[in-house]
Amino acid sequence: HGFFHIDTHGSSRYHLRFGWAGNFQEGLCVVCTEEGYFHIDDQGQAAYPERYRYVGDFKYGIAVAHTDQGAFHILKDGSRLNQHQYKDAQPFHKGFSVVMDETGYYHVNKFGLALHGYRFQSAEPFYNGIARCRKTEGQTILLRENGNYTYEPVAGSGGRIDGIEISKKLALGNRVALYLRHAERFPRASGTWGNDLLLTPKGCDDARTLGHLLKGAWSCRFF
């Protein structure tokens with residue numbers, strides 16, 4: 001008794017039975033026996049001799065494998081993608097994987113090389129070139145593949161700038177890119193498209209407050 005796969009006629013594809021079986025992905029399927037997790041082909045034959053504490057589905061010809069010593073990536077013949085090993089690893093997505101070492105989560109390429117020097121509490125894969133990550137201090141950022149990032153607006157803030165937080169980062173020698181757009185402007189009247197829109201009194205106060213906080217940030221570039 002156990003798990004197995006059937007064809008479109010309901011007949012068993014092979015005589016073996018497993019403690020658990022998943023779905024076929026890229027021609028191989030994850031199964032489990034008392035020896036551990038591994039992949040089989042459509043005839044029920046093991047794709048490689050190794051047995052793991054856990055293995056994931058293949059994607060782009062690469063799967064995650066876990067042992068008691070750590071996590072790494074394998075190819076369809078069971079060989080290692082590279083010799084790097086991590087505390088945790090996720091499947092590759094568009095050429096990159098999220099992995100974890102003793103200091104946090106980060107992104108690596110197929111050679112196992114880190115894409116950047118950051119470590120995060122959590123990190124998502126790159127979607128359209130941007131990954132959503134949470135820094136160890138708790139802030140959420142939107143990270144690009146080149147290592148540059150912007151802070152995600154805080155929920156309920158309407159995307160407003162936290163000038164105090166920016167001034168703190170400048171004081172620590174960090175570089176900060178600001179994309180400013182005032183929400184506190186008077187409504188645009190019909191037929192005045194392209195005209196200057198004056199700030200409301202609150203908008204003027206906001207601008208003065210931000211300017212005061214950024215006073216002393218002597219190296220600026222406008223674009």
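Analyst: A disulfide is a pair of cysteine sulfur atoms within 2.5 Å. By that rule, the count here is 0 disulfides. This is a predicted model, where local features need pLDDT of at least 70, side-chain atom pairs count only at pLDDT 80 or more, and totals for chains, interfaces and linings use all residues. Residues are numbered from 1 along each chain as its sequence is written, and side-chain values use heavy atoms, leaving out hydrogens and water.

Cys29 is buried, at 0% relative accessible area. Cys32 also counts as buried, at 15%. Buried means under 20% relative accessible area, exposed means over 50%, and partly exposed lies in between (1.4 Å probe, protein chains only).

Now the core. A nonpolar core is a set of buried Ala, Val, Leu, Ile, Met, Phe, Trp, Tyr and Cys residues joined through side-chain atoms within 4.5 Å. The largest one has 17 residues. Val31, Ile40, Tyr52 and Ile74 have the most contacts inside it. Strands β2 (28–33), β3 (36–40), β5 (63–66) and β6 (71–74) each give two or more residues to this core. Strands are DSSP runs of E, at least two residues, numbered from the N terminus. The largest share, 4 residues, comes from β2.

Look at Val31. Leaving aside residues up to four places away in sequence, Val31 touches Phe18, Trp20, Ala21, Gly36, Tyr37, Phe38 and Ile40. Contact means heavy atoms within 4.5 Å.
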